[in-house]
Amino acid sequence: MENSKSRHCGRVLVITNDSGDARVIREALVGAGFDSFEVEWVCSLADGIERLERLQIAAVILDLFLPDSHGIETFDRVSIVAPRVPVLILSGPEDEKAAKRAVQRGAQDFLPKSHLDSYSLPRAIKTVIALKIAAEALLGDRERAEVTLNSIGDGVLSTDLEGKITYLNTVAERMTGWRREEASGRPLGEVFQVIDKGTREPARNPLEFAVQQDRTVSLTTNSMLVRRDGLESAIEDSAAPIRDHEGRVVGAVLVFRDVGEAQALARKMAHVAQHDFLTELPNRMLLNDRLTQAVAMAERHHTKLAVLFVDLDLFKTINDSLGHTIGDQVLQSIAKRLHETLRHTDTVSRQGGDEFVILLSEIDNGHGAALVAEKIFATLGAPYMVGGHQLRVTASIGISLYPDHGREAEELVHNADIAMYKAKKSGGHCYRFFAEA
C-alpha cells in the first residue's frame, strides 16, 4: 500500500496487480499541478472492497483483471459495494472491449495505460470527482450545493431533461458571462455557446448527448466557449446525467475549465523543444522528423531530395577577435538570410555552433542542388554590419542526394557532413557532393 500525506483533493483507490502501472499512476497524481491526491494502492479485488467499505474514497482506478477476479464481474462487484463512487477503468489494448462494457454498465470512463501522464490523468480524476460532487449536491440541499460547487474551481452548470439551465456556479457565471438568475430557464445553447475552433460551427451539445447515451461524455477537441460579450476561450469539459436516488435520469451536469493557458504553454514548450534558442530555426530533432517524412515521401513517389551541410569558414576568428555577442548576431543574420533565400518547402536547421543543415525536399537532380549551393554562397557573401563592424563570411557545403547517397535520414546527414569536410580540405568557399571514395 502506498500513501501520500500531502494536502489533497481526495483519496484515490488504485486496484491493480501491476506494480509498474501503480507507480506511474501515483507519480502522476501526487505530482499534479493543482492540489495533490492521496493514493491508496491494493493488488486484489478483496483488498479493494475492504478499503471501499472502510475508507472515504473519492474515485477508483480499476484494473478489470486481478488475481481474484476477471473481466466485467470485477466492475460489477465494485459498483455494488460503492455505487456512488466514480470508477475509471484501467485498460490495455487487449482489455479495451471489456473496459467499454464497464462504461456501458456505469463506469465513468476508461484510461488507456499508454496515457497515464501527469497532465491527462489528474484532470481525468478531478473531472469525474467534480461531476459526482456536482450531481449529488444538485440533488441535495441547495445551500450546501452552493458551498460545494463553488469550491470545485471549475465551471459547473446543470440542466433539466428539457435542456433548460437550472444552475450555474460562480466560475460558470464568469466564464459564460451570464448571472445565474438571468440564465435560469434558458436553453443551454443560449448560455453555453461552444464552437469548433477550426470550422467555427456550433459544437455538439454535450449535456444532451450525455442524457441520450446515459454516460459521461466530453466535448470534442478544439472547442471554444463564446462568452456573452463575444470573448472566446479554449475549454475542455465533461458532462454526465444526474440521477435521483431511485436511478432515474432527472437532468445533466457539465463541468468545464479554461485550458487556453495550458494549450499556449504546451505549444510554447513544443516550439522550444524543436527549435534552436538563438536563431529560432528548426533544431536537430525537428530536422530529423521532417527529413524522415521527406524520405518516406520520396520513396513512395520515386523522387529525389537533397541534404546540404553548411559550415561557416573561419567563423572562430570572429568569436575570438570580436566576442561571442557579435558572433551570435552574425549567426542570427545568417539564419535569416538562409531562411529568406530558400523555398517554403525547404527546411533550414541549425545543428549547433556555426553548422546548418538544409533539406531540399523537392529537387530533380544534383544540378538543382548545386544551383541552390551557389545561391547560398551569393546570399551569405554580402557584407554584414554588426556592432559597428563590417564583416564577410564564406561557407563550405557538402551535398548528399536521396537515394544515391543514402536511404535513411541519419545516413544522408552523415554523408553530407563528410562531403562538407571534403569541401573544407579543398580550401573552403565551395561545395562538394558525397562520394563513396
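The model is a predicted one, in which local features need pLDDT of at least 70 and side-chain atom pairs count only at pLDDT 80 or more, whereas totals for chains, interfaces and linings use all residues. Residues are numbered from 1 along each chain as its sequence is written, and side-chain values use heavy atoms, with hydrogens and water left out. Helices (H or I, at least four residues) and strands (E, at least two) are DSSP runs, numbered from the N terminus.

Strand β15 belongs to an open sheet of five strands, arranged in the order β16-β17-β15-β20-β21 with mixed pairing; two strands are said to pair if DSSP finds at least two bridges between them. The edge strands, each of which pairs on one side only, are β16 and β21 (431–433). Direction ignored, neighbouring strands of this sheet are turned by 20° against each other on average. Strands of a sheet pair through backbone hydrogen bonds, either parallel or antiparallel. In this sheet, β15 and β17 run antiparallel and are joined by seven bridges, with Phe 356 in β17 as the bridge partner of Val 310. Strands β15 and β20 also run antiparallel, joined by eight bridges, and Asp 311 stands opposite Ser 396 in β20. By contrast, β20 and β21 run parallel and are joined by three bridges, with Ile 397 opposite Tyr 431 in β21.

Two helices lie across strands of the sheet. Helix α15 (residues 366–381) lies across β15 (304–312), β17, β20 and β21 and runs at about 160° to β20, while helix α16 (residues 409–425) lies across β15, β20 and β21 and runs at about 145° to β20. Axes are lines fitted to C-alpha atoms, for helices over the stretch in contact, and angles run from 0 to 180 degrees between N-to-C directions.

Phe 356, in strand β17 (residues 355–363), is buried, with a relative accessible area of 0%. Not counting residues up to four places away in sequence, the contacts of Phe 356 (heavy atoms within 4.5 Å) include Val 310, Leu 331, Ile 334 and Ser 349. The C-alpha atom of Phe 356 is separated by 9.6 Å from that of Arg 284, although the two residues are 72 residues apart along the chain. Ser 349 is found in strand β16 (residues 347–352) and is likewise buried, its relative accessible area being 0%. The side chains of Ser 349 and Gln 351 are joined by a polar contact of 3.4 Å, that is, a pair of N or O atoms within 3.5 Å, of which, within protein, one must be able to donate a hydrogen and the other to accept it, residues adjacent in sequence counting only if both atoms are side-chain atoms.

In strand β20 (residues 395–402) lies Ser 400, which counts as buried at 0% relative accessibility. A polar atom of the side chain of Ser 400 lies 2.7 Å from the backbone oxygen of Leu 412. Among the residues that Ser 400 touches, not counting those up to four places away in sequence, are Ala 306, Leu 412, Ala 416 and Phe 434.

Notes. Buried < 20%, exposed > 50% of the residue type's maximum accessible area, 1.4 Å probe, protein only.
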